[in-house]
Amino acid sequence: MDLKQAGSSLDALVSSFHTRIVELQELVIARNMYPSTSMPDLSAVDVTLKTMESQIQAIKDRLQEERNAIPKAKKLIDLSQRQQRKLQHMLAHMPPSMLKNQSRSDQNPSSRHLVPDDSGPDILHEPCHLKEEPVALLKGKKGTSPAPRWYISAKELDSLSSYMRGRLTLDKVNIAINEIAMYAEANSHLVSCPKKKLAEDTWEKALELRDIATTEAVKGKHFFLETDIKGPGLKLDNTGKAILTVLRHLGRILEARIGHHRVFTLSKPH
């Protein structure tokens with residue numbers, strides 16, 4: 001029952017209550033005129049009035065519950081609208097090639113498959129021209145946290161000088177952003193995963209990454225190493241170096257030298 005319906009029901013009960021009051025007045029008069037028959041009629045009116053009072057109280061309680069739920073509903077609507085705006089922004093800046101793959105996947109639902117992961121819930125993998133490896137999400141005190149993918153817009157790319165932009169396209173840069181996020185998620189997995197769940201050949205790297213993760217420049221952030229860059233979307237060639245320069249300039253990554261490693265942290269654009 002919504003507020004409008006509850007209000008209508010309450011009005012109807014109040015009207016009925018007034019009618020019963022009039023009847024009660026008539027019965028009081030009748031009691032004086034016919035004392036022998038007045039008591040049963042008054043008892044029936046008493047039962048009816050108590051029933052109505054109970055119904056009115058139930059409606060008032062329900063109305064109060066609805067009033068208390070309104071702030072929560074407004075908050076939920078606000079959060080839903082924020083999430084919708086984020087998804088629209090992501091869709092607007094998603095590389096065209098990824099959109100094409102998504103379209104093909106929608107037309108062929110059987111191509112989707114679930115890959116179980118011991119470190120978290122099942123992750124839905126869809127076919128893509130990028131070779132994706134299943135990686136776990138970063139686990140922290142507040143639960144899982146995937147590496148952010150702050151794609152660039154065409155306006156941002158066009159704002160760069162021609163010598164910095166070179167032959168880079170929006171598609172190439174955003175594919176690289178997706179790829180470095182995957183590197184960061186893989187490193188987060190190694191940092192947070194217990195030793196018993198890691199293969200022997202990855203434990204040494206996990207220890208090294210954990211030392212890096214505790215440094216002031218990296219602590220609490222998603223990061224990847226220069227040695228993680230192996231393609232296919234981002235390589236340590238001239239194009240790859242140009243993409244890294246663009247991402248630094250646009251505030252998507254920050255660079256630091258830690259030990260003998262060149263470390264990149266993912267940064268939220270301002």
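Helices (H or I, at least four residues) and strands (E, at least two) are taken as DSSP runs and numbered from the N terminus. The structure is a predicted model, in which local features need pLDDT of at least 70 and side-chain atom pairs count only at pLDDT 80 or more, while totals for chains, interfaces and linings use all residues. Residues are numbered from 1 along each chain as its sequence is written, and side-chain values use heavy atoms, with hydrogens and water left out.

An open sheet is built from 3 strands in the order 5-7-6, with antiparallel pairing; two strands are taken to pair if DSSP finds at least two bridges between them. Axes are lines fitted to C-alpha atoms, for helices over the stretch in contact, and angles run from 0 to 180 degrees between N-to-C directions.

Strand 6 is joined to the antiparallel strand 7 (residues 261–266) by 6 bridges. Ile253 stands opposite Leu266 of strand 7, and Arg257 has Arg262 in strand 7 as its bridge partner.

Helix 7 (residues 200–213) lies across strand 5, strand 6 and strand 7, and runs at about 125° to strand 5. Helix 8 (residues 238–249) lies across strand 6 and strand 7, at about 110° to strand 6. In the loop between strand 5 and helix 8 lies Pro232, which is joined to Gly231 by a cis peptide bond with omega of about 10°.

A search of the whole structure finds 1 cavity of 30 Å³ or more. On a 1 Å grid over the protein atoms alone, a cavity is a set of points where a 1.4 Å probe fits but cannot get out, and lining residues have an atom within 4 Å of a point. The largest cavity has a volume of about 60 Å³, the volume being the space filled by probe spheres set on the points, with grid points joined across faces, edges and corners. Its lining includes Trp150, Arg252 and Leu266. Helix 6 (residues 170–192) supplies the largest share of that lining, 3 residues.

Technical notes
Contact = heavy atoms within 4.5 Å. 1 Å grid on protein atoms, 1.4 Å probe; cavity = no way out; pocket = protein on both sides within 12 Å on 5 of 7 lines; lining within 4 Å.
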